[in-house]
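The exercises below go through one protein structure step by step. Read each task, look at the structure, and then follow the solution.

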Amino acid sequence: MIRTCLSDTLTPLLSSVSTRSLAYGIKKDTFGYPIRPRDQETEEPPDSINRAIREAPPPPPVKQPHSYDQHTREGVLVYKQFLEDDQRNVRKLFTEGNKKFEGVVKQVEFQEGMRRTGLIGRKHGETRSFLRTGDVVLSTYLEIQDNHVMGCDPVFNHDREERLSMRLAAFEVENFEDVPLTQQKEFYSVGMTPKQVTHSFTITAEQALPVNYKLDVSHFFAGQYIDIRGLTINRGFQGVVRRWGYKGMGTFGGGKTHRRPGSISTQGLARVLKGKKLPGIMGNRPHTTRNAQILYANYEKRYIVVEGPVQGINGCFLFLSDSENKDPIQGPLLHYPTFLGDRTDLGTEIYDNRVVDPTERFEEVYQRRKDAQKY
């Protein structure tokens, strides 16, 4: 009797559930449980649904997070092409060199007050050089790769004389992905590949050069005096003994004050005077090495050797320019705005008259030194 009552009660419910499930497209078994998808036979949707899918409008375009102008978009395409070709051989783009500027850049005669551009270099260690007098001097290697002109902007000095600020870029980037797109745009807009460093030199209007003009080691000559600007080695936070050369206090009777600065003499003032020698950050400051003479230059390997030490660590970037103190002497000897002759006529290396050429025989050098000692 209980089974009869259950059947009479569940039969209309199962029929309603099956009817409702069919209405919603859900298949049920005889007991009203939904059939798992893997047990169902795949059925294609009706033609009406396929027609609606085909006639549906395309999705709206996805908005980019940043919008760039036409120069940057073209630059990105060029940048991708560079990656596909060869990242480490981007100098193939400049195989023409300065041939396209023949007739545009002309030699200018020297006049007092002229100022030409400098170059960007990189320090590569120190060595020693032998002079014809028998002396041995410390010298520094400076690498100078091709410097390319990015443009000129007008500036005014303290005398209100109009000058130009010529911006140069040097040292190719091995991986362009490390350069932000904002900087890539700046290089691609002037038609050159990204560089590691840029710098501006103040020049006179007669020494301006066109954009993309290439400067190399031939801009300087052996025996010339140059000024070298750069940052000193960063020593970090140092005490007064190392930073200012303090002698220090005694070892007995003074307590723990061996390397301390001691009294700073502020009685009555109640403040620290400006410029007081105290502990602090040492190094990493701009410094200029004046009147560094070029001992010899190698045009094939693109480096010069200057006499004396130069500030900065090995691999740091330096900015070379004509010596301001030697302008009256070496001014008429320079090439304005730069050397425009055939670079193959210069040879591989050029040595100053004071330096011993390693290719010379020792007997000739010894005899020349012996003759010089007679007088």
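**Exercise 1.** Find the side chain with which the side chain of Ser-321 makes a polar contact.

Solution. The model is a predicted one. In it, the side chain of Ser-321 makes a polar contact with that of Arg-229, at 2.9 Å. Ser-321 belongs to strand 12, which covers residues 317-322. Leaving out residues up to four places away in sequence, Ser-321 touches Arg-115, Gly-118, Phe-220, Ile-226, Asp-227 and Arg-229.

**Exercise 2.** Decide whether Ser-321 is buried or exposed.

Solution. Buried means a relative accessible area under 20%. Ser-321 has a relative accessibility of 5%, so it counts as buried. Arg-229, with a relative accessible area of 26%, is partly exposed.

**Exercise 3.** Work out which parts of the chain are tied together by the salt bridge between Arg-229 and Glu-324.

Solution. The side chains of Arg-229 and Glu-324 meet in a salt bridge, 3.6 Å from N to O. Arg-229 lies in strand 7 (residues 225-231), while Glu-324 lies in the loop between strand 12 and helix 6 (327-330); the pair therefore ties together parts that are 95 residues apart in sequence. Glu-324 is partly exposed, at 41% relative accessibility. A network of salt bridges links Arg-229 and Glu-324 with Arg-115, Asp-227, Arg-290 and Asp-327.

**Exercise 4.** Describe the salt bridges that Arg-354 forms with Glu-307 and with Asp-352.

Solution. Take Glu-307 first. The closest N and O atoms of Arg-354 and Glu-307 are 2.7 Å apart. Arg-354 is in the loop between strand 13 (349-351) and helix 7 (362-374), and Glu-307 is in strand 11 (residues 303-307), so this pair ties together parts that are 47 residues apart in sequence. Both are partly exposed: Arg-354 has a relative accessibility of 32%, and Glu-307 has a relative accessible area of 26%.

Now take Asp-352. Its side chain meets that of Arg-354 in a salt bridge of 3.6 Å, N to O. Asp-352 counts as buried, at 10% relative accessibility.

**Exercise 5.** State how many salt bridges the structure holds, and how many helices and strands the protein has.

Solution. The structure holds 13 salt bridges. The protein has seven helices and 13 strands. Of its 375 residues, 32% count as buried. Among contacts with a separation of 6 or more, 74% are between residues 24 or more positions apart. The protein exposes about 25300 Å², of which carbon and sulfur atoms supply 53%.

Technical notes: Residues numbered from 1 in each chain as written. Predicted model: local features only at pLDDT ≥ 70, side-chain atom pairs only at ≥ 80, totals over all residues. Heavy atoms only, no water. Helix = DSSP H or I, 4+ residues; strand = E, 2+ residues; numbered from the N terminus. Buried < 20%, exposed > 50% of the residue type's maximum accessible area, 1.4 Å probe, protein only. Contact = heavy atoms within 4.5 Å. Areas by Shrake-Rupley, 256 points an atom, 1.4 Å probe, with all protein chains shown as cover. Polar contact = N/O pair within 3.5 Å; in protein donor to acceptor, adjacent residues only side chain to side chain. Salt bridge = Lys/Arg side-chain N within 4 Å of Asp/Glu carboxyl O.
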